[in-house]
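Here is a short briefing to read alongside the structure. Please take a look at the model first, then work through the topics below.

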Amino acid sequence: DAKTTQPPSMDCAEGRAANLPCNHSTISGNEYVYWYRQIHSQGPQYIIHGLKNNETNEMASLIITEDRKSSTLILPHATLRDTAVYYCIAPQTGANNLFFGTGTRLTVIP
Amino acid sequence: NAGVTQTPKFRILKIGQSMTLQCTQDMNHNYMYWYRQDPGMGLKLIYYSVGAGITDKGEVPNGYNVSRSTTEDFPLRLELAAPSQTSVYFCASSQGPLAVAKNIQYFGAGTRLSVL
C-alpha cells in the first residue's frame, strides 16, 4: 500500500463539518484512496473511495488534491454517532488486503 | 441482509486449548479475510482466501490455520492457544481484489478472545 499519514486525533463540534486529512504522497497513478471507519468495538465500515475526482455519497465527501498526494474526508454535519477511528488507505494494485494503520480518532463533542 | 456473520462473539480460553472461530458470508463473495486487532492498534491480516480451496498467509499467520471448503465459510482455527493470541478477531469479505474500485471490504462484528 502507498504510505498514508493521518493525524492521531481530532475533535469536532456536533453539527459542524468534520474535515479529516490524509497524506499519501507515494500513491501511484492508478491507486484508489479508500476511507473506512471503526466505531468502538465494531468491525470497520466502508465510507467512500476515489481516484482523481471528488466524490460524494450519503455518508461523506472525499476531496482529492490535483496532484493526488493528499485527500480530505468531509462529514458535513457531524453527529455523536460519528465518533470513531477513521482510516485512510491506498492499496497497491494487486494487493490482497487493506493496511489499516492507527487512523485518526475523531471525537464529536456535544 | 446478514452480510458477514461471526461466531462466537466472546470466548475465554485456557492456555493450550483449541477452538475454531466461525465466519460465514451470504454475499457470494470470492475473497475472505481474517484480521486481528490488539488494543489501540490497527488491524493485522492473519490469512486470506481468494476462493474455495485457496488460502494464503497474511502478515501474522503463526499459531493459526484456515480452510475454505465453500464460498460462504472461512473458519479460523487456533490449535494451542497462547496469551499472545488475546485479541479481537475480524472476518471480512470482498467480491474481488481490493485495489479494484468496486471491491469494497465488508466486515463482521468481531470475536473477542481472551487466553488466560
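Predicted model: local features only at pLDDT ≥ 70, side-chain atom pairs only at ≥ 80, totals over all residues.

Residues are numbered from 1 along each chain as its sequence is written, chains are lettered from A and ligands numbered from 1 in the order in which they are written, and side-chain values use heavy atoms, with hydrogens and water left out.

**Fold of chain B**

- Chain B has 11 strands and zero helices (DSSP runs numbered from the N terminus: E of at least two residues for strands, H or I of at least four for helices).
- The radius of gyration of chain B is 13 Å, close to the 13 Å that the globule rule gives for 116 residues, so chain B is as compact as a globular protein of that length (the radius is taken over C-alpha atoms, and the rule is 2.2 Å times the number of residues to the power 0.38).
- The C-alpha trace of chain B spans about 40 × 30 × 30 Å along its principal axes.

**Burial and contacts in chain B**

- Of the 116 residues in chain B, 47% are buried (under 20% relative accessible area; exposed is over 50% and partly exposed in between, with a 1.4 Å probe and protein chains only).
- Residues at least 24 apart account for 56% of the contacts in chain B between residues at least 6 apart in sequence (a contact means heavy atoms within 4.5 Å).

**Aromatic pairs**

- Over all chains, a search of the whole structure finds six aromatic pairs (rings of Phe, Tyr and Trp, the last by its six-membered ring, with centres within 6.5 Å; planes under 30 degrees apart are stacked, over 60 edge-to-face and the rest tilted).
- One of them is the edge-to-face pair of A:Tyr36 and A:Tyr46, at 5.8 Å centre to centre with 75° between the planes.
- A:Tyr36 lies in strand 3 of chain A and A:Tyr46 in strand 4 of chain A, so this pair ties together parts 10 residues apart in sequence.
- A:Tyr36 is buried at 0% relative accessible area, whereas A:Tyr46 counts as partly exposed at 22%.
- In chain B, the ring centres of B:Tyr35 and B:Phe107 are 5.7 Å apart with planes at 40°, so this pair is tilted.
- B:Tyr35 in strand 4 of chain B and B:Phe107 in strand 10 of chain B are 72 residues apart, and their pair links distant parts of the chain.
- Both B:Tyr35 and B:Phe107 are buried.
- Ring pairs join A:Tyr36, A:Tyr46, B:Tyr33, B:Tyr35 and B:Phe107 into a cluster.
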